[in-house]
Amino acid sequence: MHQQKRQLELVEGNLPVFVFPTELIFYADDQSTHKQVLTLYNPYEFALKFKVLCTTPNKYVVVDAAGAVKPQCCVDIVIRHRDVRSCHYGVIDKFRLQVSEQSQRKALGRKEVVATLLPSAKEQQKEEEEKGIKEPLSKSLFFEQSFQPENRTVSSGPSLLTVFLGVVCIVALMLPTLGDVESLVPLYLHLSVNQKLVAAYILGLITMAILRT
């Protein structure tokens with residue numbers, strides 16, 4: 001049953017792609033934000049190949065723009081903004097992460113991540129209120145990023161909310177799965193396989209955040 005479900009996902013090309021975060025914000029007056037990390041998580045039982053595309057590759061340096069992720073593992077992709085100028089303030093750029101099975105060339109799934117350069121963190125709220133973010137009306141065109149070797153960055157420590165979410169995910173994974181008739185837990189607490197998959201993905205991100213502290 002599980003094998004049939006996996007084959008259906010691969011054929012349809014709608015494989016969910018788990019990336020965190022889904023938005024990157026660079027601040028011109030804070031050099032520590034000019035280099036950020038995208039984490040690509042592979043919760044599946046088979047390895048994935050990935051490729052990073054961008055609408056404006058000349059503005060960014062992407063480390064490990066292409067590679068592979070082992071089953072139940074993750075990989076960090078470092079993105080550095082290299083063209084911090086006022087003419088780019090408020091302009092939305094997009095990254096697209098495409099994944100495929102190692103034995104195939106066809107993209108099985110994709111996920112887009114938005115990137116924006118703002119003058120400063122203090123002006124972020126004002127920018128949002130004025131809706132000054134500019135995005136082309138035409139369809140976005142994505143281009144391949146060249147590989148650039150560079151050191152990894154370290155993310156900030158987890159908050160209390162992160163720890164709480166981790167506990168919730170652990171509880172969710174311990175609950176019975178739909179169809180488990182022998183469980184004494186009420187039926188409304190039975191979770192589907194997809195729900196547990198999302199919980200495992202979030203728990204993996206939280207675990208990485210805690211290990212980095």
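Predicted model: local features only at pLDDT ≥ 70, side-chain atom pairs only at ≥ 80, totals over all residues.
The largest nonpolar core comprises 33 residues, among which Leu-40 and Phe-95 touch the most other members. Strand β4 (residues 48-54) supplies the largest share of this core, with four residues. Two domains contribute at least three residues each: domain 1 (18-121) and domain 2 (160-176 + 187-212).

With residues up to four places away in sequence left out, the contacts of Leu-40 are Val-17, Phe-18, Val-19, Phe-50, Val-69, Cys-73, Cys-74, Val-75, Ile-77, Leu-97 and Val-99.

Strand β3 (residues 35-42) has seven of its eight residues buried and is thus mostly covered. On one pairing, β3 is joined to strand β1 (residues 18-20) by three bridges, with the two strands antiparallel; Phe-18 has Tyr-41 of β3 as its bridge partner. A further antiparallel pairing, over eight bridges, links β3 to strand β7 (residues 73-81). Here the bridge partner of Asn-42 is Cys-73 in β7. Phe-18 and Cys-73, which take part in these bridges, are also among the residues touched by Leu-40.

An unreviewed UniProt entry lists residues 160-179 and 191-211 under "transmembrane region". In the model, residues 160-179 are 75% helix and 0% strand, and the end C-alpha atoms of this span are 34 Å apart. For residues 191-211, the corresponding values are 90% helix and 0% strand, with the end C-alpha atoms separated by 28 Å.

How values were computed:
Residues numbered from 1 in each chain as written. Heavy atoms only, no water. Core = buried A, V, L, I, M, F, W, Y, C linked by side-chain atoms within 4.5 Å. Buried < 20%, exposed > 50% of the residue type's maximum accessible area, 1.4 Å probe, protein only. Domains from an automatic or database assignment. Contact = heavy atoms within 4.5 Å. UniProt positions renumbered as here; feature names shortened; annotations may be inferred. Pairing = 2+ DSSP bridges.
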